[in-house]
Amino acid sequence: MSCGKCGSLLDIKYEWGDDAPRDWGFFEKRWATKGMHDGKLDFSGVWRFRELMPFYRTTDDIVTIGEGRTVLQQATLLAPKIGLAPGKLFLQYEGLNPSGSFKDNGMTAAFTHARMVGARKVACASTGNTSASLALFAALSELTGVVFIGSGKISFGKLSQALDYGAMTLQIKGDFDDCLRRVRQIAVEVPEMGIYLMNSVNPFRLEGQKSIMFRILEARDWNPPDWIVVPGGNMGNCSAFGKAFMELKELGLIKKVPRLAVIVAQGANTLHRAVNEFGITWNNGEVDCIKLGALFDEMNASHYKPHTIASAIEISRPVNLPKALRAIEFMDGVVREVDDNDIMEHRALVARFGFGCEPASGASVAGAHKLIREGVIGRNQDVVCILTGHELKDPNATVKYHTGLDLKAAQDLAPREEVHGLLSNRPVLVEDTIAAIISAMGGDPKLVEGRVFKTDTKPGGAEY
Ligand code: F0G
């Protein structure tokens, strides 16, 4: 998944042929598709744009479960609450996906590639949504799914999905960054385990996530908005959005490119610091590794650990950071941080006016509000905020906001009961070592005896 020479993540580049779509009318005939039985590719909100992600060999390769049938809502009542003129705020409601988050857009594409290469076992590290989506797709495609989650970090809605869909769930003593490092080590450096990696280091994931932008354009009669506002965690989504617009421009399908705002949590603000404090830019692919190294050295020296109530984006070493910088440059983008209080107030505001989302998604609306107050976003501009995950992913956060009761803490302390369900699938608690993880996965820990792993921090490369 990364370049053998420089260690950077791979990217997919197409040579567009004569059959590439050159006008939007191309896609419109697909709208009449009524259900999966009637033409499952046209029914999918991802694959109805398949000519814009033509990496598959034949359409038989495509794995789809009817993902991406999401809606661009016009949030008329909410708009004035954040300083926009009525009719100017739109919410792209990705919580309506089969597993309840935007991840299904990318997972359908990565599973398609996994099928192309004959993978049998798929794995990811996750703050929750990727694992829920992976577990769902793995169950439906009869592959073995393994998910790595950080201890005590994941919200119960997401955990319950991974367990319910039957994925082996390894609860590593560490956080998301530790989990991602481990799963990458095992997928890349222990090929004997036969793992196909499903995180957004996988460039096929990002191909599918481009479709969120295509659907926004479709819902707006192909007129780009002025702004796309998205929460950033591992920075896969914002990277995919930038790539989508780069390619649409190349194909002549759009003239105007919207501006991008990536919103991070104050407690997990690496991209914000990189851009706004260290002045790091894409710089035609020559990202300043010395400055980035200085930022990571500083974080390492202070033993920085991310912390935010928006657990989905509690990530301090975003693997797609360089690609995010490319998206920011192409879309004339900005980065802002918002604190947990702002996140929760805006999540509640979204819900108060009829649309649900989890805390991380609330960050996009909080960020839009901040940019409107700063005068960066104008009152009469068209703004699309991405609601990345469904409200029911993290009901504990909502209940705590409204009542002050910390149900998660209470549940963490509660003694564990014996489980009796015929399909009970308990998470397995594992030490943060390769040998312990391999053994928990049913492998032989002797496989890795004496091996040296690439765990070093390499700014701009694959391993930071
Ligand atoms: N919003 C939600 C609800 C998420 O679950 C995530 C990421 C993001 C935003 C950030 O997207 O990583 O592409 O910048 N969740 C990942 C996961 C990390 O494991 O579910 P990103």
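Helices (H or I, at least four residues) and strands (E, at least two) are DSSP runs, numbered from the N terminus. One of these elements is helix H16 (residues 407-413), in which Leu407 lies. The model is predicted, so local features need pLDDT of at least 70 and side-chain atom pairs count only at pLDDT 80 or more, while totals for chains, interfaces and linings use all residues. Residues are numbered from 1 along each chain as its sequence is written, and side-chain values use heavy atoms, with hydrogens and water left out.

**Salt bridges**

- The structure holds 28 salt bridges, a salt bridge being a side-chain nitrogen of Lys or Arg within 4 Å of a carboxyl oxygen of Asp or Glu.
- Side chains of opposite charge can pair when their charged atoms come close.
- Arg215 and Glu94 are joined by a salt bridge between their side chains, at 3.0 Å from N to O.
- This pair links distant parts of the chain, 121 residues apart: Arg215 is in helix H8 (residues 211-219), and Glu94 is in the loop between strand S2 (89-93) and H3.
- Both Arg215 and Glu94 are buried (buried means under 20% relative accessible area, exposed over 50%, and partly exposed in between, with a 1.4 Å probe and protein chains only).
- Glu298 and Arg273 form a salt bridge in which the closest N and O atoms are 2.7 Å apart.
- Because Glu298 lies in helix H11 (residues 289-301) and Arg273 in helix H10 (residues 270-277), this pair ties together parts that are 25 residues apart in sequence.
- Glu298 is partly exposed, with a relative accessible area of 39%, whereas Arg273 counts as buried at 15%.
- A salt bridge also connects the side chains of Asp406 and Lys400 (3.6 Å, N to O).
- Asp406 is partly exposed at 37% relative accessible area, and Lys400 counts as partly exposed at 37%.

**Helix packing**

- The axes of helix H3 (residues 103-116) and helix H4 (residues 129-140) come within 9 Å and cross at roughly 45 degrees; axes are lines fitted to C-alpha atoms, for helices over the stretch in contact, and angles run from 0 to 180 degrees between N-to-C directions.
- H3 and H4 are therefore oblique to each other, since angles under 35 degrees count as roughly parallel, over 145 as roughly antiparallel, 65 to 115 as roughly perpendicular and the rest as oblique.

**Strand S3**

- Lys121 is found in strand S3 (residues 121-126) and is partly exposed, with a relative accessible area of 23%.
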